[in-house]
Amino acid sequence: MVADQLADEDWDRLFHALADTTRRDIVLQVMRQGQSISTLAGRYEMSFAAVQKHVAVLERAGLVRKERRGREQHVHGEPLVLHRAARLLDSYELLQRHRTSAIEALLEEDP
Amino acid sequence: MTVISVERDADALTLTFVAEFAAPVERVWRVWEDPRQLERWWGPPTWPATFERFDLEPSGGASYFMTGPDGEKARGWWRFIAVEAPHRLEFEDGFADEAGTPSEAMPTTTAVVTLEAIEAGTRMTTVSRFASLEQLEQLTAMGMEEGMRLAMGQIDALL
């Protein structure tokens, strides 16, 4: 089994977090560069408090983390979850490699 | 090594895999067309596949199970979207429950296989598109990582 497999509730939080357009956009913004909540709030037509709530949902899903900088809260992307996708693709690549050598063996045995 | 290139796109959850075989296109097509040959390479190591139904035609389908090292069974199904012998095959691959009924809850993988004649034989390009991380997780969790480590270890031992 995958060593650090996410539990069901982790998946629920992750999918819930990404099921909203604004939250997906926030993830994209902060993956590129950490941003303060007030900068983020300036991007969307919603209150500071509403943006803060979105960030909290993303934080619970492990997609972003907050950091205090002076008087401001900075939001950063947490690329671990996205790296996970890359790692899973790596595993699938290994399966494809296994299939390729099995096909090769079959072709050699039965040309 | 016959694996020519591997391209992964983590955002689009797509893996493009290109391999070459020293056999004509018609011969490589048979490893897809004949379920008995398919069974010899489709399942992950330690999870051999058995195809129970196999209708290779557009809008036809297949059902299969893979048997794990402890005798546990994982069932799956295919739905063929395009069958253009011997050059192109497109199908959906999904999980099924114990009775073989496609699992509604789990998204499917779409695979597009292209075979082209080259001087050395055949180039096979497989593009696998996954619907979600959750599904990739399921696919790779199925004894696969363990089996892969084993297989890679064997390859390393040869080198």
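Let me start with the sheet: chain A has an open sheet of 3 strands in the order β1-β3-β2, with antiparallel pairing. Two strands pair here if DSSP finds at least two bridges between them. Strands and helices are DSSP runs numbered from the N terminus, with at least two residues (E) for a strand and at least four (H or I) for a helix. β1 (35-36) and β2 (64-69) of chain A are at the edges with a single partner strand each, so one side of each has no neighbour in the sheet.

A note on the source. This is a predicted model, in which local features need pLDDT of at least 70 and side-chain atom pairs count only at pLDDT 80 or more, while totals for chains, interfaces and linings use all residues. Residues are numbered from 1 along each chain as its sequence is written, and chains are lettered from A and ligands numbered from 1 in the order in which they are written.

Back to the strands. β2(A) and β3 (residues 72-77) of chain A run antiparallel and are joined by 6 bridges. Lys66(A) has Val75(A) in β3(A) as its bridge partner. On this sheet packs α2(A), which touches β1, β2 and β3 of chain A (contact means C-beta atoms, placed from the backbone, within 7 Å). The direction of α2(A) makes about 95° with that of β3(A); axes are lines fitted to C-alpha atoms, for helices over the stretch in contact, and angles run from 0 to 180 degrees between N-to-C directions. α4(A) lies across β2 and β3 of chain A, at about 120° to β2(A).

How do the helices α2 (residues 21-32) and α4 (residues 48-60) of chain A pack, and at what angle? The angle is about 70°, with the axes 10 Å apart. α2(A) and α4(A) are therefore roughly perpendicular (65 to 115 degrees).

How values were computed
Parallel < 35°, antiparallel > 145°, perpendicular 65-115°, else oblique. Contact = placed C-beta atoms within 7 Å.
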